[in-house]
Amino acid sequence: MTGAHGYGEYTTRLQALTTDVASGRPVQHHRLLASVDGEASEQLRRLVPLEYRRQVGAFFTPAPLKQCVSEMLESGVRSERYLDPACGSGDLLLAASHALPIRESLKETLEDWTDRLHGWDINSEFVEAARLRLLIAAILRHGYESQHGLRIPNASAYFANIVTRDGLEALRGQAAFAGHIVMNPPFGVVSSPLSRPWTSRPTSAAALFTYQAAHHLVEGSRLTAILPDVLRSGSRYSTWRAQVNKILIRSSLDTYGQFDEHADVDVFLLGAKVERQALSESSGEWWHTGDSAAVGSKSVDDFFVVRVGTVVDNRDPVEGPEFPFARARDLPPSGEISTPVRRRKFSRRVFEPPFVLVRRTSRPSTAQQESRLSGVLVTGQAPVAVDNHLIIASPRDGSIKSCRTLLKVLSSKPTSDWLDNRIRCRHLTVGAVREIPWTNT
Ligand SMILES: C[S@@+](CC[C@H](N)C(=O)[O-])C[C@H]1O[C@@H](n2cnc3c(N)ncnc32)[C@H](O)[C@@H]1O
């Protein structure tokens, strides 16, 4: 395929960066850091036409989601080997590398990681970038700044298991991989005979990848995946879910919200273990995780409609009617406001007060800080445009009284404790807010 050809410009830059490091030329630390962070996605958008990105589902995992995956991998049982069957420029393999130790020397670390990190992608330019970025990640882990002029022994010899290959084809056949598959596969709809167990119609490539990945893993192996929400909640995927339930036992399922500001699709995070023929209780239900509120007890979802704000401020055109505009950085830490002072033109969905706004980043609570969460109640009359860094909870009964009760629930100690247990990820998900137990405060 030639559609990602332009990305070669970026891999050439990465190559030059590693050559500079290898030959002892000084390299600015921030350039190394950028190359293992969001730069690869920025360059993807600059160098590869949107039409082709859509065709092959090339949307690299953004930093907050990558952080969630890292936290899932680091907090769970560590695996010996990781495979991403649609690895792109390696963001999830980078997340997996955080869960791997480093060895005495850079050379030993690279040899070890070469054995443990496996990746496939149909685009050779992405594969090359993934290998170079992992090399840079290993250099950074060994402390580039403290080892000025660090020598890289024959850089091209490493990451031989990250190759250009059709991931779906490669996953076919007998259970073969013992380890952990971590993936954010393409989401487009495709026709394939592999979907027969659940449909004869075109289906989500992500459904195919997940089903094939589950079959490709040997008993006891693990899967962590970023998937489109329709697989979790759509009625047309109920047979697919039933098929997957026959192989995977879910350990976590977190609804996340919009993938990022460039891809307007809601996703969830699935953590699971391969246990064939072990249809357990948690396998049936795809709405909540096993560790959510006890069956029968009420949660925030029973009283509030919880959604993510709709404005992506730096992307959405400033056009249409003007509304009060709520942004995280303009809000007080907690309490009540009438109407946000800032205003913005916006042509999509706005929200009628009263409602409670919750910031999407929330750190696990510390000893100094009593509660992990707080909300801000908006009481005014006018509809409000809400930034997508905020979560909106609108009371089902439309009352300010319910919102005030929610403020108490959010800031309570039991909610902080529950969230610290429930969510591995600092980026608060809509699903987690919905599941917060409705405690008597
Ligand atoms: C959503 S991106 C994710 C990339 C990477 N895993 C990440 O998280 O950033 C999906 C990737 O799948 C690749 N892809 C599409 N079809 C594929 C196939 N049949 N086999 C392997 N890779 C494929 C695309 O080139 C793209 O890089």
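Which residues does Leu-117 touch, not counting residues up to four places away in sequence?

**Entry 1: basis.** I worked from a predicted model, in which local features need pLDDT of at least 70, side-chain atom pairs count only at pLDDT 80 or more, and totals for chains, interfaces and linings use all residues. Residues are numbered from 1 along each chain as its sequence is written, and side-chain values use heavy atoms, with hydrogens and water left out.

**Entry 2: Leu-117 and the cores.** I looked up the contacts of Leu-117 (heavy atoms within 4.5 Å). Leu-117 touches Tyr-82, Leu-93, Ala-96, Ser-97, Leu-100, Leu-134, Phe-159, Asn-161 and Ile-162, with residues up to four places away in sequence not counted. I then turned to the nonpolar cores, which are sets of buried Ala, Val, Leu, Ile, Met, Phe, Trp, Tyr and Cys residues joined through side-chain atoms within 4.5 Å; buried means under 20% relative accessible area (1.4 Å probe, protein chains only). The largest core has 59 residues, and Tyr-7, Leu-117 and Phe-159 have the most contacts inside it. A second, separate core holds 34 residues, including Ile-181 and Tyr-237.

**Entry 3: the ligand.** I next checked polar contacts (pairs of N or O atoms within 3.5 Å). A side-chain N or O atom of Thr-61 is 2.4 Å from a ligand oxygen. For the side chain of Asp-121, the corresponding distance to a ligand oxygen is 2.8 Å. A polar side-chain atom of Asn-184 lies 3.4 Å from an oxygen of the ligand.

Terms used:
A polar contact is a pair of N or O atoms within 3.5 Å; within protein, one must be able to donate a hydrogen and the other to accept it, and residues adjacent in sequence count only if both atoms are side-chain atoms. Buried means under 20% relative accessible area, exposed over 50%, partly exposed in between (1.4 Å probe, protein chains only).
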